[in-house]
Every structure is written in structure tokens, then in C-alpha cells.
Amino acid sequence: MRTLIAATFFLVLTAPALAQDEARRPAAPKDGPWFGVTLPPKAGATPAVKVGTRPPRPTSPDTAAPEFAGAALKADVETIVGFARAAGMSKEIGSGQMWGRISGFPSSDKTVQWAVDQFRKAGITDVKTQAITQDEKSSLWLPQSWKVTLLGDASFGAGSNDIVLESALPVGPSSIPAGTLTAPLVYVGAASPAVLRHIDVKGKIAVQLIVPQGHMLFERGAVDSRAEELVKRGAIGVFNLVRLPGNELSRDFSDCGNPCFNIGGRDGLFLESILDRAAQNGIADKIRARIDLQTQTYRGLKAINGVAIIRGASDDVIVLNAHVDGWFDGAGDNGDGLAVLIALARHFAKPANKPQRTIAFVASAGHHTPGINGPRSFVTANADLAKKAVMFVNIEHVAQRNFSPARTTTADGYREAVADSGEAPIAVGVTNNSPFLQELIDAGPARFGVNFISERSTFQSGETGGWAGLNVAKVSVMQAPPLYHTTGEVLDVISAPGLERIARFLAFLVSAADKAPRERINP
Ligand SMILES: [Zn+2]
């Protein structure tokens, strides 16, 4: 089986490798600017993932129930994405280059207010917002405006004007006290010590390549430590070329000590190509970039949680949670999870579905803003409910479509990505490994068609961390899609049937837990 997978992978990957060889073919110097290399696209010119006209895999018709209808849930995701987009348009942060539903800012509060409104419209009467103040030891760094410009030079070919890399995004907490710096670039690739001993990065901006195996979270340790190493060796800045689909801005990875930027896939390919051409022509040192950067650090921010309670006959509490905050459009992180939370509130608010236990729905201020944690604040503000909790369910990144490398490349030779009919894999963590809960989860793929990974797990996400002190089962459903925290995570990649599948599964899980003795949930 392993051989088969490896062989398939090889077939898929040789095509892009050929395309890139083509793009980097040594230099009979071509006419035209920038060594004749195809210029990178404008940001947002084409989607990161192509979504064709063929529809996603439908839900089975006999599972229809109006509160879980996929189209309606997707309309809610669109509304949630709208709060982020409006914040970008109104320049909530600096120049509007950075946007999202950011806790501590109106974009997040408006999303919570909308969720609270939906809880009320569902017929729930015990609904409120609860205030959160950012922990005084914490701060939030946000870039206000920035620009990474490759400086043109006649020796690159006639007409080689300056080029702005529009997918560049500074990594927190980068800063440039003078606001601008200019330096030559040096390519270090995967930047291993064996390679670095041959490269002098002093006084230069080091350019390292990251090819994520899944989402950027998996790369954090390696990327951050290599960037730090480059700065230790004298680099005055680091560019992380993030080889993900499209040409997206990505907010991930940490400070390298000097200004450090993530650069999107197609801008990154362009940069690699011209560094190669310049090297082949003996003018590698002539490739230079100017970085302009303004930033701000925020303290004392205020946010809100939205909380709805359906009282059951029993005092036992089941808590359902979805974070509202997200970077950029955040359709999948966590627009889809929030839409599913609202759908579950509509479901359990119906008299026919009235739970025996109390259910608390939390539209959480989330965890992206340091010093603001929605679940932690919920536990503090509702100690009585938290004390009686039997289970906490975190709904986070749940209905993005799966995608794969496409057979096609763009004009610049970059591999395209295309959505298929199903959802990206969903990991399900049960912190206490309760066999009862694990068996319910095991039934998910067959009963509801959810794409759960095959491995049972006890993982929990950052969002769940606020419940660390409470010794009850904490269940997390979570995709690890590669485009999270990037501008590529847009409404179009959310699957309407996928939203319905996970919502129906979670209703099943919660209903079963509602009827189960405490000791089965928490053995
Ligand atoms: Zn998230």
C-alpha cells in the first residue's frame, strides 16, 4: 500500500517539477523585463483553489431537516465572512491590508452580536453578551501598512521596473524603527546548517522556502528556528516563501528578530526564478528589495462572548463552543464552525428536541488575540455552569472542501489546486478518550458521511485551552486545511453539504450524550 501511495504521489509531483524546470531553464537571456520571467499576478486576481461547476457530494436525502439545510448554513457563513470583509473595506486596521474578525475590535463584536441575535430568533430566551478585557500582561501586534518592493535594474532586461510583491505579509512582531530598509537578497532554500555554512547572509535579506505538508501550524517550529538562525548569522531580514496554492497572504510563523515576511506561492516562484537568472548571469547581488513597514501594538482591548442557555430538567451542562474570530475572510476558520453552532442552537431550541440537560451555546471571542480567550472567560463568568459541565464541544474548521494539485499550471508555471467533491479530513479529539464518545464518533462516517480521519485522538485545540482546569470530556472537531490563516480561505471553498453533514453529526453526538449517564461520558 505504501508503495502504491508513493508511486501515485510521484506521478502527481513530476508534472509540477517539470513545469518548474521549464520556468528556470538557464538563460539564453530573453528580451523583456526581469530576465523574461512571467511577472507575478496581482493579489486576489485568481482564487487559490479552483472550484469547478461540478457540485460537492450531496447529503443523503433522507437526512433532510430544515435547520440543517446546507444552503442556509452556507448563507450564514456568507454573513459571517461579510463582517470581516466590511472591516477590511472600512480600514478597521491601518490601511486595510490586514482584516478579519479580530477580537478587541468591532469586527469581532459585530459577529458576536449577530450570533446573539440568531440565538434569540431561534426562540432561546436566556441569551446575553459577556464582556472580556484583555489580560494586562498581553498585547496584540498588528501591521498597519507595508510594502515589499523588488527594485528594478536595467541589467535584468530593458523595462525592469520595480515590482511590488502583493502577497507579502509581515510576521509578528516585526518592526522597522526607521519605517524602511533596503538590502540585497540571498536565497537559502530550506536553510539547513549544511547549506548555510556555504552562504553569507550578513547584511542581506535571506529568502527561505517553505513547502507546507499540511497547514502552516505543522511548519512553525522549523520555520521559526531557521529564521532565527538566519538572523543570528547576520541576515537583516527574512522572507519566508510559503509554497501554498495561489498567491495568498498568510498570517502565521513568529518573529525572527529582524523584519520577517511571508510571501505567497506565485510571488515566491517569481522571486526564486529571478534569483536563479541573476545567479546564472553573475549579477546575484543586484537583486534587492525595499521593505516599508508601519506597525502597532495594542493593549487593554475589550471583547465579548455571546452566550445562550437552553435549560433542561437536569442541572448538568453540555457546552457547545465556536470561536468567532478569524484572520482575513476566515470562511473556514471559523465561519463554518460558527454557522454550525447557530444551526445546533436552532435545532435544540425546538420543543421536539428539548434536551434533558442544560445546553450552553458559546459564540466565543476566540483565541487569536493574546490575552483574550473566549472559553476561559466563559468559565470565569459562569462558574456555576462550568462546575456542572459534563462535556465541552469545540466546533472549529469543519466544512472546507478538500483540494488536490490540479493537472494544470498557471502562465508562470505554478501548479494550480482544484477542489474535489468531499470535505477536507476532520480530526476529532476526545480528551478523556471516553469509549462511549469514541464509539459515537466512529459511527459518524457511515451515518452522516463526515470525513473523519481514521485515528482516534485525545487532541484539543488552542481554543479548548480555556477549559484546561475542568476535568470533563472535551471534544474537538477540526480540519487542518492548508489555507487557514491565509486570504485563500474564502466562502467558495466551503461545502454546503459538508456544513449539513457535520451539523447533523454533532446533533446526534449531543443528543446521545444528553441521554447518557455522566459516568459514560466521563468514565
Ligand atoms: Zn480556529
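Strand β6 and strand β10 (residues 260-263) run antiparallel and are joined by two bridges. Within this pair, Pro-170 has Phe-261 of β10 as its bridge partner. Strands (E, at least two residues) and helices (H or I, at least four residues) are DSSP runs, numbered from the N terminus; two strands pair if DSSP finds at least two bridges between them. Strands of a sheet pair through backbone hydrogen bonds, either parallel or antiparallel.

The model is predicted, so that local features need pLDDT of at least 70 and side-chain atom pairs count only at pLDDT 80 or more, whereas totals for chains, interfaces and linings use all residues. Residues are numbered from 1 along each chain as its sequence is written, and side-chain values use heavy atoms, with hydrogens and water left out.

The β6-β10 pair belongs to an open sheet of eight strands with mixed pairing, in the order β5-β4-β11-β7-β8-β9-β10-β6. At its edges stand β5 (163-164) and β6 (169-170); each has a single partner strand, so one side of each is left without a neighbour in the sheet. Helix α5 (residues 220-232) packs on this sheet and touches β7 (180-189), β8 (205-210), β9 (237-242) and β10; contact means heavy atoms within 4.5 Å. The direction of α5 makes about 160° with that of β8, where axes are lines fitted to C-alpha atoms (for helices, over the stretch in contact) and angles run from 0 to 180 degrees between N-to-C directions. Helix α6 (residues 265-280) lies across β4 (140-150), β5, β7, β8, β9 and β10, and runs at about 115° to β9.

A further open sheet has seven strands in the order β3-β12-β15-β13-β16-β20-β19, again with mixed pairing. Its edge strands are β3 (126-133) and β19 (426-430), each with a single partner strand, so one side of each lacks a neighbour in the sheet. From one strand to the next, the twist averages 15°. Strands β13 (residues 317-323) and β15 (residues 358-364) pair in the parallel sense over seven bridges, and Asn-321 stands opposite Val-362 in β15. Helix α7 (residues 331-349) packs on this sheet, touching β12 (302-310), β13, β15, β16 (389-396) and β20 (473-479), and its direction makes about 145° with that of β13.

Strand β20 pairs on both sides. With β16 it runs parallel, through six bridges, and Ile-395 has Val-477 as its bridge partner. With β19 the pairing is antiparallel, over five bridges, and Gly-429 stands opposite Ser-476. Seven of the seven residues of β20 are buried, that is, under 20% relative accessible area with a 1.4 Å probe, protein chains only (exposed is over 50%, partly exposed in between). Ala-473, Val-475, Val-477 and Gln-479 point one way from β20, and Lys-474, Ser-476 and Met-478 point the other way.

Helix α10 (residues 435-442) has Phe-436, Leu-437, Gln-438, Leu-440 and Ile-441 as its buried residues. Their cover includes β16, β19, β20, α11 (444-448), α12 (496-515) and α13 (518-521).

Finally, the second largest pocket has a volume of about 500 Å³. Of its 26 lining residues, Ala-43, Gly-44, Trp-99, Glu-248 and Thr-487 are the closest to its centre. On a 1 Å grid over the protein atoms alone, a pocket is an open set of points where a 1.4 Å probe fits, with protein on both sides within 12 Å along at least five of seven lines, and lining residues have an atom within 4 Å of a point. Grid points are joined across faces, edges and corners, and the volume is the space filled by probe spheres set on the points. Both α2 (70-89) and β4 supply at least two residues of this lining.
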